[in-house]
Amino acid sequence: MATLTGGGEPAATVKTVAAHAGVSAQTVSRVLRGTGYVSEATRARVLASVAAVGYRPNAVGRSLRATRTPMVGLLITDITNPFYATLHKSTEAVFRERGLTLMLLNSDDDPATERTQLDLVSSYRPSGLLVAPAVHSTLTTEDLAGFGAAVLVSRTLPGLAVPSVVTNEPEAMGEATRALLDAGHRRIVAVLGPRDASTTLRRESGYRDAVRAAGAEPIVRYTDQTGPGARAAIRRALQADPGLTAAVGFNAPVTEGILRGLRDEGLECPRDVSVVGFTDAPWMSFYPPPITVVGQPVAAMGELAARLLLDVLDGKPVTPGLHVVPSVLLRRESVAPPRPRPHDEKRTPCTS
């Protein structure tokens, strides 16, 4: 006996959708579950028929029958970092087209919390997982295999045979550093993230190669990749070496922290210290001065990571290892030639 809707009409079923779209019920199920290969033209026809006949899937019953639920986990390291907001938005848009929902989890860059969050998302039997690993993560290939399909994004882990979406960090950081070197700077401090994070290692290598090629000395400060951490780090660096004339930041929060630290020390950018950031943020284009920055393609990285995961779900061949989306250096007004500054000049700290 057909199920009735609130208006007394029989509710649309998978068979109703299949008949309307001119496909099999199995094809409709594959589209609705986001599993198995279906051409884009067929997928679009099925989704149009779903809307036309008013089909409403029984999510509870479908989840009980399915090996996997129509959900993907996204595990990130710092929910306050704008990078991850953009990443979440771009991945969710791709999954929404396939009828998949996205579950966002935060590890706070802690391996133990990461494990707890992975246990949580696995209890929902997701179709796949996107993950930016925590520093000192203990994840293994076997751990990720339990999710059916997994893709790393932004950060990588050695020895994991899974796709990893990154930007060309060594080259991009090298170009950022050379922008300062070409302006005449030789005392350039790199304010980086956690010492052992893959993103730190890759960006640090580009910075070190650039300064050494110019005959300069690398000066590195590690932070917890937050604004307050960078603010304290740049102040310590300037107090230890008043001859510093430039700084390159690890990410948007770190770049903001550098600028706040300069104000604390009574210094201005770029008059006293030139600054180049990594990963653009809306405020950087109108900050006085507008900040030169590596425009990391966050949305493109998220879209690629999502599509790679869908390819795995569809049984398409996906190469493990790095999938690189290039960055672009956005040249603005925060870089100027170094101005001679007596090392014993008394500064007037800013209390804000």
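Mentor: Residues are numbered from 1 along each chain as its sequence is written. In this predicted model, local features need pLDDT of at least 70, side-chain atom pairs count only at pLDDT 80 or more, totals for chains, interfaces and linings use all residues, and side-chain values use heavy atoms, with hydrogens and water left out.

Trainee: How many helices and strands does the chain have?

Mentor: Helices (H or I, at least four residues) and strands (E, at least two) are DSSP runs, numbered from the N terminus. On that basis, the secondary structure comes to 12 helices and 12 strands.

Trainee: Which residues of helix α1 are buried?

Mentor: Buried means under 20% relative accessible area, exposed over 50%, and partly exposed in between (1.4 Å probe, protein chains only). Helix α1 covers residues 14-21, and its buried residues are V17, A18 and A21.

Trainee: Why do these buried residues line one face of α1?

Mentor: The arc is that of the directions from the helix axis to the C-beta atoms. On the other side of α1, K15 and A19 are exposed. The buried residues line one face because, seen down the axis of α1, they fall within an arc of 100°.

Trainee: In what order do the six strands of the open sheet stand?

Mentor: Two strands pair if DSSP finds at least two bridges between them. The pairing in this sheet is parallel, and the order is β2-β1-β3-β4-β5-β11.

Trainee: Which strands stand at the edges of that sheet?

Mentor: Each edge strand has a single partner strand, so one side of each is left without a neighbour in the sheet. These strands are β2 (101-106) and β11 (321-325).

Trainee: What is the bridge partner of P163 in β11?

Mentor: Strand β5 (residues 163-167) pairs with β11 in the parallel sense over five bridges. For P163, the partner in β11 is G321.

Trainee: At what angle does helix α12 run to β5?

Mentor: Axes are lines fitted to C-alpha atoms, for helices over the stretch in contact, and angles run from 0 to 180 degrees between N-to-C directions. Helix α12 (residues 298-313) lies across β1 (69-76), β3 (126-131), β4 (150-153), β5 and β11. Its angle to β5 is about 165°.

Trainee: Which residues does G261 touch, not counting residues up to four places away in sequence?

Mentor: G261 lies in helix α11 (residues 252-264) and is buried, with a relative accessible area of 0%. Contact means heavy atoms within 4.5 Å. With that sequence exclusion, G261 touches R231, I234 and R235.
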